[in-house]
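Please read them with the model open beside you.

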Amino acid sequence: MNHSVDPEYSSVNQKSNKDFLSIDLLSDLSIDLLSQLKEGGFLSLKDVIIEGPLELSTRCGISMDDSNFIYNQTITFLEDIGVIDMRFTPATTLYDKRKRIGRISTGSQNFNKLLGGGIETNAITEVYGEFGTGKTQLCHTACVMVQLSYSQGGLDGGALYIDTENTFRPERIETISKARHQNPKQILDNIVVARAYSSSHQELILSESSRIIESQNIKLLIFDSAISLYRSEFLGLSSLSLRQQRLNKLIHSIMRIAQTHQIAVLLTNQVQSSPETGFANLSFKAAGGNIFAHSSTYRIYLRKSNRNRIARMVDSPNHPESETVFSIGESGITDPQKE
Ligand code: GTP
Ligand code: MG
């Protein structure tokens with residue numbers, strides 16, 4: 001696998017990608033309408049699904065009626081070719097599909113068990129905790145693990161790392177790769193890093209990420225951290241509602257990207273004190289309010305425990321609340337050494 005980053009990346013080279021589903025496939029649309037969509041930046045059918053009808057209407061200058069029609073046409077097309085689930089699907093079909101869902105090893109068997117096998121594709125896994133609890137270390141380790149073969153706990157794909165805190169360290173990737181007997185150069189070649197400088201820059205990066213995901217065979221999208229820029233920019237009660245609106249849009253775009261491209265999303269979150277929490281040992285809750293709480297598929301709380309770390313599954317549609325112990329070492333996230 002060789003997916004080195006092409007800084008000159010343009011919409012021209014993704015047309016040769018076999019997974020690229022051109023907007024031209026919507027054969028019922030007039031040539032004029034198709035060119036309006038392209039001028040608005042909608043080149044692929046996946047763009048239509050990820051951005052949604054409102055964005056389609058605004059960016060292309062078309063009516064909401066036209067936009068909803070195009071959106072539904074696109075969904076029907078993608079259902080027909082099996083990119084997304086049919087709108088009426090037997091639960092047994094969904095169950096068979098879930099048994100085959102891709103999972104990325106965290107590097108620790110304990111942690112994998114907590115997640116039911118690893119970081120799941122088509123879903124958002126959110127980890128939150130105080131400083132130094134291992135959120136960034138988990139992100140670095142997952143960048144290496146996703147590249148391994150399926151039998152080794154990977155998905156044979158690359159990682160896209162959106163770094164909002166300037167804490168991505170290629171030298172840490174090198175150490176983890178060597179400790180896991182991987183070629184560091186090859187591993188680094190398959191990680192695309194985007195440094196986000198502001199919340200709107202982060203949104204711009206996200207809106208451009210579909211191109212990279214398809215052309216670089218990305219199987220893992222990382223946000224470290226997802227909301228820190230919003231917290232630093234939207235200060236005070238008066239801007240809270242605008243911040244939540246922007247976060248709402250962000251998290252829904254992320255979810256649509258996860259499901260349309262069938263990739264895993266790992267995002268880190270900060271904590272805020274929570275005097276009202278019910279658990280004696282959970283004195284913090286994740287930042288971002290209800291919007292994040294309802295939108296992440298899996299929420300995991302990390303905390304320190306002497307030299308080890310504890311991961312607690314706080315919210316999941318299919319796991320009980322439980323916790324496990326892991327450790328941070330030369331090879332990144334790992335199981336604690338037996339004494
Ligand atoms: P914030 O981003 O500050 O909220 O913290 P975080 O949760 O992202 O913490 P991070 O993942 O950066 O974890 C930092 C901890 O990882 C440090 O306290 C170290 O214990 C450990 N660590 C970082 N680098 C290495 C390393 O190269 N080797 C080992 N063994 N441990 C490391
Ligand atoms: Mg960090």
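1. Domain bounds here come from an automatic or database domain assignment. For this protein, the assignment gives domain 1 (7-80) and domain 2 (101-334), and the centres of domain 1 and domain 2, taken over C-alpha atoms, are separated by 29 Å.

2. The model is a predicted one, in which local features need pLDDT of at least 70 and side-chain atom pairs count only at pLDDT 80 or more, while totals for chains, interfaces and linings use all residues. Residues are numbered from 1 along each chain as its sequence is written, and chains are lettered from A and ligands numbered from 1 in the order in which they are written.

3. Helices (H or I, at least four residues) and strands (E, at least two) are DSSP runs, numbered from the N terminus, and two strands pair if DSSP finds at least two bridges between them. On that basis there is an open sheet of 9 strands with mixed pairing, in the order S5-S4-S6-S7-S3-S10-S11-S12-S13. Its edges are strand S5 (191-195) and strand S13 (332-334), each of which pairs on one side only. Neighbouring strands of the sheet are turned against each other by 25° on average, direction ignored.

4. Several pairings can be followed residue by residue. Strand S6 (residues 218-224) and strand S7 (residues 264-269) pair in the parallel sense over 4 bridges, with Leu266 in S7 as the bridge partner of Ile222. S4 and S6 also run parallel, joined by 6 bridges, and here Leu160 has Leu221 in S6 as its bridge partner. S4 and S5 pair in the parallel sense over 5 bridges, and Ala194 in S5 is the bridge partner of Ile162.

5. How far is S4 enclosed by the rest of the structure? A residue is buried if 20 or more other C-beta atoms lie within 10 Å of its own, exposed if 12 or fewer, and partly exposed in between, with C-beta atoms placed from the backbone. Because 5 of the 6 residues of S4 are buried, this strand is largely enclosed by the rest of the structure.

6. Axes are lines fitted to C-alpha atoms, for helices over the stretch in contact, and angles run from 0 to 180 degrees between N-to-C directions. Helix H9 (residues 199-215) packs on the sheet and touches strand S4 (158-163), S5 and S6, its direction making about 170° with that of S4. Helix H11 (residues 240-261) lies across strand S3 (123-129), S6 and S7, and runs at about 130° to S3.

7. Ala123, which is found in strand S3, is buried because 20 other C-beta atoms lie within 10 Å. Leaving aside residues up to four places away in sequence, Ala123 touches Ala258, Ala264, Thr297 and Tyr298.

8. Around ligand 1 there are 13 residues, the closest being Phe131, Gly132, Lys135, Thr136 and Gln137; a residue counts as near if its C-beta atom, placed from the backbone, lies within 6 Å of the molecule. Helix H6 (135-145), helix H7 (170-179) and strand S12 (322-329) are the elements that give two or more residues to this shell, and H6 gives the most, with 3 residues. The shell divides into 2 nonpolar, 8 polar and 3 charged residues, where Ala, Val, Leu, Ile, Met, Phe, Trp, Tyr, Cys and Pro count as nonpolar, Asp, Glu, Lys and Arg as charged, and the others, Gly among them, as polar. H6 is mostly covered, with 11 of its 11 residues buried, including Lys135, Thr136 and Gln137.

9. Some backbone details deserve a look. Most residues other than glycine have a negative phi, and most peptide bonds are trans. A cis peptide bond, with omega about -5°, joins Asp224 and Ser225, and Ser225 has its place in the loop between S6 and helix H10 (228-233).

10. Asn217, in the loop between H9 and S6, has a positive phi of about 50° although it is not a glycine, and counts as partly exposed because it has 19 C-beta neighbours inside 10 Å. Asn306, in the loop between strand S10 (298-305) and strand S11 (308-315), likewise has a positive phi, near 55°, but it counts as exposed, with 7 C-beta neighbours inside 10 Å.

Key. Contact = placed C-beta atoms within 7 Å.
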